[in-house]
Amino acid sequence: MRSKINIGEKLYIFFCYFLIIVLCITILYPFIYMVSASLSSTTAVMRNKVVLWPVEFTAEAYRVVAQYKGIWTAYGNTIFYTVVGTLINLAFTILAAYPLSKKRWGARKVMSFILVFTMWFGGGQIPFYLTMKNLGLLDSRIAVLIYGAVSAYYVIIFRTHFESLPDSLEESARIEGANDITILMKIMIPLSKPIMAAIALYYAIGRWNSYFWEMMLIQDEKKLPVQVILQRIVINSQLSEDVASALTAGQQSFPMTIKFAAIVITALPIICIYPFLQKYFVSGALVGSVKE
Amino acid sequence: MKKGDRKRRILKEIKTNKFLYLMFLPVLIWYIIFAYVPMGGIAIAFQKYSVVKGIFGSKWVGLKNFQTLFADPYFFRLLKNTLLINIYGIIFGFPLPIILAIAFNEVKNKHFKKITQTISYLPYFISVVVVASMLIQFLSTEGVVNGVLQALGKEPIFFLQESKYFRFIYLASDIWQGVGFSAIIYLAALSGIPQEQYEAATVDGANKFQKMLYITIPCLIPTIVMMFIIRLGSVIAVGHEKIILLYNPLTYETADVFNSYVYRVGLQDMKYSYAQAVSLFQNVVGFIMVFAANKITRKLDGTTLW
């Protein structure tokens, strides 16, 4: 009887491991294939000879992509949008969250409502686009930096965090004559480094990955982030003549290997930093889900 | 007398909390310009909007755009596609993170658990353009999937050109991206189960499967109910960002949802007023549903949950 129970239990545990391993393979294989394909010869990829490792190893695709200056410009733009954009995000989020965490603040309820309401209801794509247009922000880098300056969701998370800090800290500082700005800068922010790191990371990933409004707001190819360039290379082949000729190397369309190389180049920074910052990713997900 | 009192109180409030007002001011300005001014732009749904005349000069047409919308056979296609993607998403996508969390919970080897969990979250952080690009590459006629089909002696399939495959491709990639990350919240709920419960069950002779059935799952039910209601609240919305990267006129029949239609008709064809009517319809229904979902979860949260 004892052994019968054990078989059922073993099957169950086997199934658990099996599920996890299958999932991990399903997730990793496309990335591995893509990297290998981008490092193989075009003919090997076209004839589907690549299974796991590169076949007829060559870095030609990367050489071609790297020669195209546009991709470096786009990369620079993405880094600029990510770094400056994330700083703006953090500043706005803290400036919103701190007052909202103070119960003594008379405007707290009204302002809180103004923020939270936008999480549930909005004008939609068209009025937003027309507003940007009427403000004369089309085709400017400022538009990209400012349109997503703050997310009410992260403000709420940050506010909850500020609320969890003991009042006694503020009171003792106040006795020594500190005002709200000093208290925020000298006491609250230093106590918030872990959550700041997690939220900054989420904002930064959002910035790095974002494409839709960048595509809508920016026309000038020199200001586009790398995601939009990738979209043009792989998805709608909508690039200016010189770019197309730089990448196709005289052929009719972009070879598969070049497209794979372009995808790898775009995704690589995230994949590379990911294992090291993993704990922040998870803690960020948890503050969001548990405290909501 | 009373009026002066009130004035004095407001002045005192502003004076004591002046730095709080000062801090919040840029945020408030941002919200007015980038959230509430666009909300005013909803008005164009009731106009025959012209870019030249602007919102104050354009002609008002009442509910005409909505009449056109509800009479449009296209409307039902949009509604059907939006709902179906969500419903299939719930049926196939909703249980998976729960099962995965339970599976992770049974893993005792710390290193194995950490590595596999890290891998499982990874796709969530990959951009939608990269995911769509990968799909297009893998599913093209020369792609690896057709390569396998060919090796098996089958005819190549034009996956992204046939409408019958679209929902599957869309949802499978959604699940692929989100399953690990969505499991986090269930894992957090699982870590809150007191170990004594499991120990007591062991003493009673229960095996791991029975413990899962009688301890783990019941403990997860509040979280499951909560997540399910939140998910139902967004059943009228499918984001356009991945759709517009993957669809084409050949697959509109199954792929076109409200948001992608608004994008195409409004931002591409510049029929602003009509597209805004479509958008407003979706936003109002969506708002009511999210609001209801929120009320329900609040109620559950306050009384029975956590």
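The model on display is a predicted one.

**Stop 1: the two chains together**

Colour chain A and chain B separately, and begin with the interface between them. On one side, 90 residues of chain B take part, and they are in contact with 93 residues of chain A. The size of an interface is often given as the accessible area lost when the parts come together. For chain B and chain A, the buried area is about 8,400 Å². Carbon and sulfur atoms give 77% of that area. Next, show the side chains of M23(B), F125(B) and Q137(B). These three supply 9% of the area that chain B buries against chain A, more than any other three residues.

**Stop 2: helix α2 of chain B and helix α10 of chain A**

Select residues 18–40 of chain B, which form helix α2, and then residues 180–188 of chain A, which form helix α10. Two packed helices are described by the angle between their axes and the distance between the axes. Here the angle is about 65° and the axes are 8 Å apart. The two helices, α10(A) and α2(B), are therefore roughly perpendicular to each other. To see the contact itself, display D180(A), I181(A) and L184(A) in α10(A), together with F19(B), L20(B), L22(B) and M23(B) in α2(B). Sorted by class, the residues of this contact are six nonpolar, no polar and one charged.

**Stop 3**

**Stop 4: a helix pair within chain A**

Among the residues in contact are L115(A) and V116(A) of α5(A), and V155(A) and I156(A) of α8(A). The whole contact divides into seven nonpolar, two polar and three charged residues.

**Stop 5: the domains of chain A**

Colour residues 2–46 of chain A as domain 1 and residues 75–291 as domain 2. Their contact takes 11 residues from domain 1 and eight residues from domain 2. About 720 Å² is buried between these domains of chain A, and carbon and sulfur atoms give 88% of it. Now pick out M34(A), S38(A) and T42(A). In domain 1 of chain A, these residues lose the most area to domain 2, together 56% of what that side buries.

**Stop 6: the domains of chain B**

Finally, bring back chain B and colour domain 1 (2–60) and domain 2 (69–303). How far apart do the C-alpha centres of these domains of chain B lie? The distance is 36 Å. Nine residues of domain 1 of chain B are in contact with five residues of domain 2. Between them, the two domains of chain B bury about 530 Å², 75% of it on carbon and sulfur atoms. End with I42(B), I44(B) and A45(B), which supply 64% of the area that domain 1 of chain B buries against domain 2, more than any other three residues.

How values were computed: Residues numbered from 1 in each chain as written. Chains lettered and ligands numbered in written order. Predicted model: local features only at pLDDT ≥ 70, side-chain atom pairs only at ≥ 80, totals over all residues. Heavy atoms only, no water. Axes fitted to C-alpha atoms, helices over the stretch in contact; angles between N-to-C directions. Helix = DSSP H or I, 4+ residues; strand = E, 2+ residues; numbered from the N terminus. Domains from an automatic or database assignment. Contact = heavy atoms within 4.5 Å. Buried area = accessible area lost by both parts, 1.4 Å probe. Nonpolar A, V, L, I, M, F, W, Y, C, P; charged D, E, K, R; others polar. Parallel < 35°, antiparallel > 145°, perpendicular 65-115°, else oblique.
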